[in-house]
Amino acid sequence: MLKIINLRCSVQRAVHTRQLVYEGYGNPPEAIQLKSVNIGDKPAADQVLVKWIAAPINPADLNQIQGVYPVKPTLPAVGGNEGFGKVISVGSNVKSVKEGDHVIPNKSGLGTWRELGLHSEADVFSIDNALPLEYAAVFQVNPPTAYRMLKDFIHLKKGDTVVQNGANSAVGKQVIQICRILGIKSVNVVRNRENLEDLVKELKDLGADDVITQEELYGRKKKFPGVKLALNCVGGRSSLFLASLLDHGGCMVTYGGMSKQPVDCPTGPLIFKDISLRGFWMSRWYDVQKTPEKRQEMYKELAEWMKSGEMKKQAFVNNRLEDHARAIEDAQNKHDKKQLFLLD
Amino acid sequence: MQKTIQSRALIYHKFGDPREVLELQTIQVPAEPSKGECLVQWLASPINPLDINRVQGNYALKTEPPVIGGSEGVGKIIKAGSGSRFKVGDHVTIFSAETPFWTEYGIVDDEDLVQLDNRIPLDLAATLMINPPTAWIMLQKYVKLEKGDYVIQNSANSGVGRSVIELCKAFGYKSINVVRSRPNIKELKTDLWRIGADHVFTEEEFKETSKEFLKSIKSRPKLALNGVGGKSSLQISSVLERGGTCVTYGGMSKKAHEFTTSALVFNDIQVRGVAVGMWARREENLDEWNFCVEQVHKLAVEGKLTSIPMEKVSLADHKKAIQKSMEGKSIKQLFIINSSATSRL
C-alpha cells in the first residue's frame, strides 16, 4: 500500500498514504472519503511516525462525524479515535516511545483510520507489544472504562454486588469479566430478545452471576443483597430501577444513554439511602492524568488479564479502508459485531 | 394518685387518609414532671408534608399508631423537674419527628429539649428545626462555595427554598430562583426579592432566557438544590458548572428526578440527596448538626431568617387545615395550639 516517492533536492522524502477523512459534519457513510495524501517520512524532533495496524468503528466516532460529540477535531479531520499502530521512527527529542513500540492514541480526536501518521510524541501512548491485535485495537476505551468505573467510585470488596444495564454492550462484557476476576458479583440486565437463552449463556460464560431482562427487573420484588455500585448506559426507566437496587451509600455511575431518555432516579433512595449519581467519561479521565503512572498501572493489569485469556477476545468484522462506506453503514445499523479496519 | 392535666391532642389510631383518621381527643398528661423531665405547653406547630406522609404510613420512619401528630413546633416550659437546666417560661423545641407536637401539653425528657431564644417570633420558632437546617446543610456540606458564587434552586417559594434565599444572602452567595408560573407571579417575585433573592424566574422564563442569562454572570452555578424532580431537576442541573453538584431534598412533583446523560458524563456533575432527619442522626454528623442548629438559631435571633407566610388555624379546625395542606394550593398551615400564643406572633 505504501509508495515511496523520491523528491529531488530534499532529504525529507514524501510517503504516500491513505486515510479516511471528513471535511464537514454529516451522515457518516457519506461524509467520510478515502483520500491519498503525501506526508514526510522524517519525524520532527518531537514527532513519531506511526504505521497504524487496526482501528475499530465506535459509536463515538460516528457521533463525532455527525458533529454531536464533545471532542471536535479541526476539520478536515481523519476519522477514528481508537486503534493501535507501530512506531516506525522517532524524532531526536522523543523519550516516551521508541521505534518498534506498539502505541495507541493518547486521547480522543487523533484520527486512527489511516495507514501512516506523523504525530506529536504527546499524542501517542505505549502499550504492551505482546498484546494480540484483537485486544490492542480496542484497548483504549472499553476495558479502561469498565476498569475505572469498578475502581474509582466505590471501594468494592470481594462478595459485593455490582448491577448494570446494557450488560450486553462491549463495556458491559468487560465489566462482567473484571468483576469475576476481582471476586465481585455481577447482576446483569439486558433487553428481552428472541435468542435470550444464548445471550444469557454467553454472559454467564463470561462470569455473570445473574442475568435478568428489563421486564424482570421492573417486576422484581426481591432485592439483590449488597448492591454497592450500579452502572448505567441506558437511562430512563432502566436507570430508575437500577438506582432502586442500591444499598445505603451506593453509587450509580452513568456512562451512556442508549435509550436517549434522561437518567431517572426515585426520591426515596436519593434522600433516605444517601445514594449518589455520578458520570464517567474515559476521555476526561485521560485528560486529567498529570503523570503516566496510573494509566500504565491499569494497562499492565488489563494486559495481563488479556494475555492470560482471563478476558476474552471480542468478535470483529474485518474491513479494508476501501470498504469504508459499507463498514460505517453496518456500524450504524448492526450492533452484534464491531467493525474493524485492518490498516496494515 | 398521680395528678394529671387535660390536654387536647390530634391523634390517629390507624394509618390512613389524614382527613379521616386524625381525631381531636382529650388525653391526660402528668401534671408533675419527674427528675430530668419538663412539662411543656406546646404553642404552635406547622403541618409539614412529612406529617401527611406519616399519617398515611408512607414515611420512611414508621411509628405504629396510636400516634399524636406533628413533626416540629415551639413550646413553653410550664414546670421543670428537679435539676433541669430550664426555667418556667423558656421557649423550647425538639428535633424529632417522633415527638407528639399536636397536643396542648406534653412531658418531655430534659435532654431532648433545645432552648430557643424567647425573642424569636413564634411562627419562625415553630418551623426552625427542619427547613432552615436542610438549607444550611445543603449550602455548607456538598460544595465549597465562596462569596459571589451562584446557587440555583427550584421550588424557591417553599419553606426550604425561602431559607435557601435567606441563607445565601447571609453567606454572600448569589441565588438563582426558579418557581412555577402562577397568577400572582409578580407579587411572588417581589416577595422573594424582598427576602434577598438575586434572580427569580418562572420555569418558562428560565427555559427561554437561561442561555443569555448564564453568559451575563461571572460563573455558572456550582450547586443546584432540587425539591421538585421531573423536568425541573433536569432544568436546574443542566446549567451547573463542570463538576457541580445537585442536591435533592424533596420530590414535590411526585415524578422521578431527571438528569441529562451529558450533564453526568460530559459535565461531570454529581447528584446527591439529603433528608435532614437522617443526616442529623448519623453519628459522624453530630458535631456538625449541633453547629448547624446553633448557627440557624443565631440567624433567627438576628432577623436574618424570617418565617414563611403561614395561615394560623386552631386544632379544632384540623380537617380543613389538613385538606388545604394536601391540596398544596394554600400557604402552609400553622396550628396555634395554645391561644395565649396568638399575641406573640
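**Packing, pairing and contact in a two-chain model**

The buried residues of helix 5 of chain A are covered by several elements of chain A, including helix 4 (142-152), strand 10 (161-164), strand 11 (185-190), helix 6 (196-206), strand 13 (227-232) and strand 18 (338-342). The model is predicted. Helix 5 spans residues 170-182 of chain A. Of its 13 residues, 10 are buried, and the helix is mostly covered. The buried set consists of A:Ala170, A:Val171, A:Gly172, A:Lys173, A:Gln174, A:Val175, A:Ile176, A:Gln177, A:Ile178 and A:Cys179. The length of helix 5 of chain A was checked against its residue count. At 1.5 Å a residue, its 13 residues should span 18 Å. The end C-alpha atoms are 19 Å apart, which agrees. Just after the helix, A:Gly183 takes a positive phi of about 80°.

Leaving aside residues up to four places away in sequence, A:Val175 touches A:Ala146, A:Leu150, A:Val162, A:Gln164, A:Ser186 and A:Leu231. The largest nonpolar core has 181 residues. Those that touch the most other members are A:Phe84, A:Val175, A:Ala230, B:Ala44, B:Val151 and B:Val274. Strand 4 (residues 47-56) of chain A gives the most to this core, with 7 residues.

Strand 13 of chain A has 6 of its 6 residues buried, so it is largely enclosed by the rest of the structure. Strand 10 of chain A pairs with strand 13 of chain A in the parallel sense, over 4 bridges. Here A:Val163 stands opposite A:Ala230. A further 4 bridges join strand 13 of chain A to strand 14 (residues 251-254) of chain A, and these strands also run parallel. In that pairing, A:Leu229 stands opposite A:Cys251.

The unreviewed UniProt entry annotates residues 27-341 of chain A as "domain: Enoyl reductase (ER)". In the model, this span is 33% helix and 25% strand. Its end C-alpha atoms lie 19 Å apart.

In chain B, strand 3 (residues 37-46) has 10 of its 10 residues buried, so it is largely enclosed by the rest of the structure. Strand 3 of chain B is joined to strand 5 (residues 74-80) of chain B by 6 bridges, and the two run antiparallel. Another 5 bridges join strand 3 of chain B to strand 7 (residues 105-109) of chain B, again antiparallel. B:Gln41 takes part in both pairings. Its bridge partner in strand 5 of chain B is B:Lys76, and in strand 7 of chain B it stands opposite B:Tyr105. Strand 17 (residues 332-336) of chain B also pairs with strand 3 of chain B, in the antiparallel sense over 3 bridges. There, B:Leu334 is the bridge partner of B:Pro46.

Chain B also holds an open sheet of 3 strands in the order 2-1-4, with antiparallel pairing. The edge strands are strand 2 (22-30) and strand 4 (67-68) of chain B, each of which pairs on one side only. Strand 1 (residues 4-12) of chain B pairs with strand 4 of chain B over 2 bridges, in the antiparallel sense. B:Ile11 stands opposite B:Ile68 in this pair.

The contact between the chains takes 24 residues from chain A and 24 residues from chain B. On the side of chain A that touches chain B, the elements that give two or more residues are strand 15 (263-265), helix 9 (267-272) and strand 16 (276-279) of chain A. By class, this side has 13 nonpolar, 7 polar and 4 charged residues. Strand pairing crosses from one chain to the other. Strand 15 of chain A and strand 14 (residues 257-259) of chain B pair in the antiparallel sense over 3 bridges. A:Val263 stands opposite B:Phe259 in this pairing.

A:Asp274 lies in the loop between helix 9 and strand 16 of chain A. With 18 other C-beta atoms within 10 Å, A:Asp274 is partly exposed. Not counting residues up to four places away in sequence, A:Asp274 touches A:His248, A:Gly249 and B:Gly273. The C-alpha atoms of A:Asp274 and A:Gly250 are separated by 7.4 Å, although the two residues are 24 residues apart along the chain.

Definitions and conventions:
Residues are numbered from 1 along each chain as its sequence is written. Chains are lettered from A and ligands numbered from 1 in the order in which they are written. This is a predicted model: local features need pLDDT of at least 70, side-chain atom pairs count only at pLDDT 80 or more; totals for chains, interfaces and linings use all residues. Two residues are in contact if their C-beta atoms, placed from the backbone, lie within 7 Å. Ala, Val, Leu, Ile, Met, Phe, Trp, Tyr, Cys and Pro count as nonpolar, Asp, Glu, Lys and Arg as charged, and the others, Gly among them, as polar. Two strands pair if DSSP finds at least two bridges between them. UniProt positions are given in the numbering used here, feature names are shortened, and annotations may be inferred rather than shown by experiment. A residue is buried if 20 or more other C-beta atoms lie within 10 Å of its own, exposed if 12 or fewer, and partly exposed in between; C-beta atoms are placed from the backbone. The expected span of a helix is 1.5 Å times one less than its number of residues. A nonpolar core is a set of buried Ala, Val, Leu, Ile, Met, Phe, Trp, Tyr and Cys residues joined through C-beta atoms within 7 Å.
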